[in-house]
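Hi everyone, thanks for coming.

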Amino acid sequence: MYPFNYHQPKSAEEAAHILAANPEAKILAGGQTLLPTMKQRLAGPSDLVDLGAVGDLAGISEKGGTLRIGAMTPHAEVAKSPVVAKAIPALAALAGGIGDPHVRSVGTIGGSVANNDPAADYPAACIALGATIHTTNRDIAADDFFTGLFQTALADDEIITAISFPAAKKAAYTKFRNPASRYAIVGVFVAQAAGGVRVAVTGAGENGVFRVGEMETALDKNFSADAVAGIAVPADGLNSDIHANAEYRAHLITVMAKRAVAAAG
Amino acid sequence: MTEKGIGAAVLRREDRRFVTGKGQYVDDLNRAGQAHACFVRSAQAHAEIRKVDVSRAKSAPGVITVLTGEDVAADKLGSLPCGWGITNKDGTAMAEPGWPVLAQGRVRYVGEAIAMVIATTRQGARDAAELVEVDTSPLPVVVQATDAGKKGAPQLHEAAANNQCFDWEIGDRAATDAAIKASAKVVSLDIVNQRLVPNAMEPRAALAEFDTNSGLLTLHCACQAPHAMRLLLGAFVLNQAEHKFRVVAPDVGGGFGSKIPPYAEYAALCWAARRLGQPVKWTSSRSEAFLTDAHGRDHVTRAELGLDKDGRFTALRVSTVANLGAYLSAFGPLIPTYLYATLFAGQYTTPAIHAEVRAMFTNTTPVDAYRGAGRPEATYMLERLVETAARELGMDPAELRRRNFVAADAFPYQTPVALLYDSGDYAGALDKALELADVKGFAKRRAEAAKRGMARGIGYSTPIEATGAAPSAIAGQLGARAGLYESAEVRFNPTGSVTVFSGSHSHGQGHATTFAQIVASTLGVPYENVEVVEGDTARTQFGMGTYGSRSTSVGGSAIVKACDKIIAKGKKIAAHLLEASEGDIEFENGNFTVSGTDRTKNIAEIAFAAYVPHNYPLETLEPGLNEQAFFDPANFNFPYGAYICEVEVDPETGFTRIERFTAIDDVGNVINPLIVHGQVQGGVAQGIGQAMFEQGVYDESGQLLTGSLMDYCLPRADDVPSIDSGLTVTPCPFNPLGVKGCGEMGTIGSTPAVINAILDALKDYGVSDIQMPATPLRVWQAIRNGSAPQAAE
C-alpha cells in the first residue's frame, strides 16, 4: 500500500465534508474491493474515509411493501435477515451467494452498488426491482444510477446512505459463476412487480448491468420459462475473456433467464 | 512396541503445529538488523535494456543499496546452472544459454529480475523499487513453442539457434514406422498439455546471512532439496565453498517441484548478504510467484497408436514440442525427455515405440518439474489414445486395456523405451476399480441423469509412473549432473531415544511421521522415541532432497540401511554383554537374544552400554551407536493404478461436475495408509485441476493473462468430489522396504480419467475431442460444434 490519511467520521455529513475537501480521497465501506486493490498498489488514495463508525448507515427495515437496507449492511446480514427473506427472498438468496463467507461478512451493499463492478450481483437486483439509491444529497432511481463500467451517478462527495427495494410479486436471481473468481459471468435477475416484468443482466455487458427489453415484453404476456427460451440476446456489446466469450455470454443470458423465471415460479 | 510402526495409520505428528499456526516457515524467521530485498522486474516479455538508472532509488529513505546486472557481472557471479544435459539426435549437446542472476542487456520474460533494492524495511524497498528507471527498447515476442522454431521468429539467445534447446529422440524409429504402417487401425490425437502454475500455499522466501568472522554464509529458503541448493548455488553461482555455506529449509508449505531450482532470488540474496555483511530477507508475493516460480507442462503433441485386428497395440509414435520458457531451469530439459517418453509403454506391451521431442525457448516463465513432471503428460497422451481407440473400435475400454496389459507373471518387464518394470498386477487393480466404482450400475445412473437433462459419462485411466529416482549410474548416462542416492544417519542417544537425519526434506509429505514409523519397526523402539531431522545442511551430512516421489523408497531405504548397521553393531555389543558368540545373537522387536535361550538385552540397554562402556569390548569395538548409510537404488520403482471418473455435463451451459471418482493405487508396501490416501486425494485434486480448471495463458505480447487467482482457476473444495480410494499391494523388489512412490500417482492418473469421462458424456453430441482445461466454455463450444449437437434434446 501507499501511505494515506485515515479518517473515521461519526456522520455521513462529516464524511461527505472530508470527501469534498480531499479530491483524491476514497470511501472505505467493507473494503473488499478497495483494500486488495490498494495492497496491489493499483490504487493510491490520499485519504481513506472509513464509514465504519457512522452509526445510522446499517440496518434493515420494511415499510409499506418497501425494503430499506442501510448502505453499510454486510451481505451476510441481508442473507440471513428474516425481514428480507419475507419481503424479497430472491434478494436474500442473492446476498447469500456473493463471494465467500469472508466477503459476505465484511462487504456491504452500499460499497458494492457504489463500485458498480460489471460482474457484481447487487446492480442486477437494483435494476430489476426498480430500487432507489438514497444518498447524502438526494434519491436516485436505479435506472439513472448505473452509468457505465465502474461508473455511477454519484458525485465525488456524495455517499450512499441506504437502498430501497419495492417488493416484487415474483423474483429470482440465477448466476453462472466464473470458475476462478466466482464472480458472475452472467447473472440474471427477473422480477415481476406491479409495473411489469424486469430482466436485469450483470456480468455480461461491457458497460455493466443492462435490461433485456424483449424478454420483459415476452414475460409481461406470459411469465414462463418457455416465453424467454427462444429469445437470443445479441453478442454485440458483451464481454469476452478467457473464461467466456461474448457468444457464450449471450447464450448463458437466455439459459439463466429461463432458469430464473422457472425459479421465480 | 511397534503398534505405530510400518503399516499403521498414525496421525501425522507435524499436523498439530501446522493446523494451529505454529509452523515455522522462512517468512517467520527474522534476524536482528535484517534488511529487506525487493526485485525490480521486467514488465516486458522481450526487450533490450538500454539503461538502468538506480540513482533516485539509491537516495530513497532507508535504502542500503541497489544492485543490477552490471554488479552481478562485476562480482563475477556464475550463471544459474542446469542440472541435466540432453544429447540431440545428431549426438551434439543441447543448447545451453546462460541465465544471469540479474538481467544483463536483455530481458526475456515478464517478471525477470532486473535490479534488487535493499532497504531497512520491506515497504521502503518496495517504494524505492518503483524509483528504479529501466530504459528499454522492446523486441518482438514469441510465446508458443510451436511458433518459436518458425522462420523469422524472434530469437531469444545467441547460443540457441532457432530458439531450439534440443531435438531428442528415444526408441526405434524404423521399427515403429513399419509397425504403424502394418497396423489394422491407427488412432491419432493432437494433444495440448497446457501450461500450469504451481501455486504452492507458501510462496518462495529466503533469508540470507553472512558471518563476517567465520565467513559462513547461511541461506534459509523454502526449498525441497537443501543440499542440492547448496551445491548448485555455491559451486556454480556464488563461488562459496560448501564448508562455508549452510542451507536451511525449515517448514516448507508445498512445492510440487517448483521449490527445487536454485532461483535467481536466492543467489541474489546470498550475494547481497555477503557483500553487506547484513542479513537480507525476501518473501515472494503471490503475484511474483505467478510470474517467477517455475511453471509446469506446456507440451504440444501429435500421437499415433497402431492396433492389430484384435485390438492389440502394435506401435506408438509420438512427436512433442515442449516449451522450456525463456531460460533453462534446473531440471527443465529432463522433464519432457527421460521423465516423459520413457513412460510411453504405460501398462501395455506395445512392442514398438518411438518418440521425438523438440524443446524450445520462448518469452515465458521458465518451465520445470510440476507434480508428476513429464509422467502426467505421458499418461494423459497414452490414456486418451487408448480410450479413443476403444471408442472408435466400439470396444469396452476396460477390455481393450486388459488385452494389452503386461501380464502379472511377466515381471521384470523390459519396455521398448529403456525402463525395466519391477512388479505389478495391472488387471488386478483394474478389476478392483471396476468393482469399487460400480461400473455395472453406470448405465442406470446415466439413464437417470438423462431424465434430469444431464449428460453422464464414465472415463478410465490405468496409469503407471517411474519413481524413486534414481540409479545414479543410469541417471549419469542419461545426462544427470549429480548422483541421485539418498543419505541417512541413525543416532541412538545414550538413554535410548533415536534421532534420525535424512537428506530428504518434507514440504508436506509427512516424513517426520513416516520415517519415525520405519525406525520404530526396524529397531523395535517406541515411535514416540524417534525424532526426524531434515532440511539443514549443517545437521544432515548430505542428501538429494524430495521430488519425484522418492523420499520413502530412496530416503526411507537409506534409513533402513543405517538401522541395519545399528543392529549389526548391537549384536556385537549384545554378544559381549550376554557372553555369547555374535553368531548366536538374534534381533527381533528391539531385543537381542541368545538363540534358543531367554537371555536377552533390549536395544536401549545396548545403546546405554555403547555410550557408558564400562562393560564393553573396547579392544575390538568403538563406543557409541550412530550409523550412516547411503542408498542408491538398483532401479526405479513403478507404482501404478486404475482410475475411474464419472461426470455429469449440463449440456445447456457446459458446466461439468465430477460425481464419482475411484482411485485404486499400487504403491507397493504401505508405511502409513493415511498418508498414502492423503497423497492420492491431493494428487487427484491437482489432476482434476489440469483437466478442468487450470491454465497459464499468455497473450501475444507475453503478458500472463492468468496472473492471479482471479483468473487462474485452482480447484476448490466444491469442485472436487469425495474420492473412493483403495490400494493393492505388489511390493517393489528393488528396495528393502518394498515401497513405491505415492506422491504423484493421483495427479498422473486422474487427468485423463476426467477428460475421458467428459468425452464419454459428450459422445452423443458428436464430440470426440476436447482440449484441457475442459472449462464450461470449452465444453459448450464442443457441444455446439459437435456433429450431433441436438442429439439429446
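Let's start with a question: how far apart do the C-alpha centres of domain 1 of chain A and domain 2 of chain A lie? They lie 19 Å apart. Keep in mind that what you're looking at is a predicted model.

Okay, some context for those domains. Chain A is split into domain 1, residues 5-50, domain 2, residues 57-166, and domain 3, residues 170-264. Where domain 1 of chain A meets domain 2 of chain A, domain 1 puts in 13 residues and domain 2 puts in 18. On the domain 1 side, the largest share comes from helix α1 of chain A, residues 12-21, with 6 residues. Sorted by class, that domain 1 side has 8 nonpolar, 4 polar and 1 charged residues.

Now over to the two chains. Here, 14 residues of chain B are in contact with 11 residues of chain A. So which helix gives the largest share of chain B's side? That's helix α20 of chain B, residues 776-785, with 3 residues. By class, chain B's side has 10 nonpolar, 2 polar and 2 charged residues.

Let's stay with α20(B) for a moment. Its buried residues are Pro776(B), Leu777(B), Val779(B), Trp780(B), Ala782(B) and Ile783(B). And what do the buried residues of α20(B) pack against? From chain A, there's α12, residues 246-264. From chain B, there are the strands β26 (640-649) and β27 (656-666), together with helix α19 (745-761).

Note on methods
Residues numbered from 1 in each chain as written. Chains lettered and ligands numbered in written order. Predicted model: local features only at pLDDT ≥ 70, side-chain atom pairs only at ≥ 80, totals over all residues. Contact = placed C-beta atoms within 7 Å. Helix = DSSP H or I, 4+ residues; strand = E, 2+ residues; numbered from the N terminus. Nonpolar A, V, L, I, M, F, W, Y, C, P; charged D, E, K, R; others polar. Domains from an automatic or database assignment. Buried ≥ 20, exposed ≤ 12 C-beta atoms within 10 Å, placed from the backbone.
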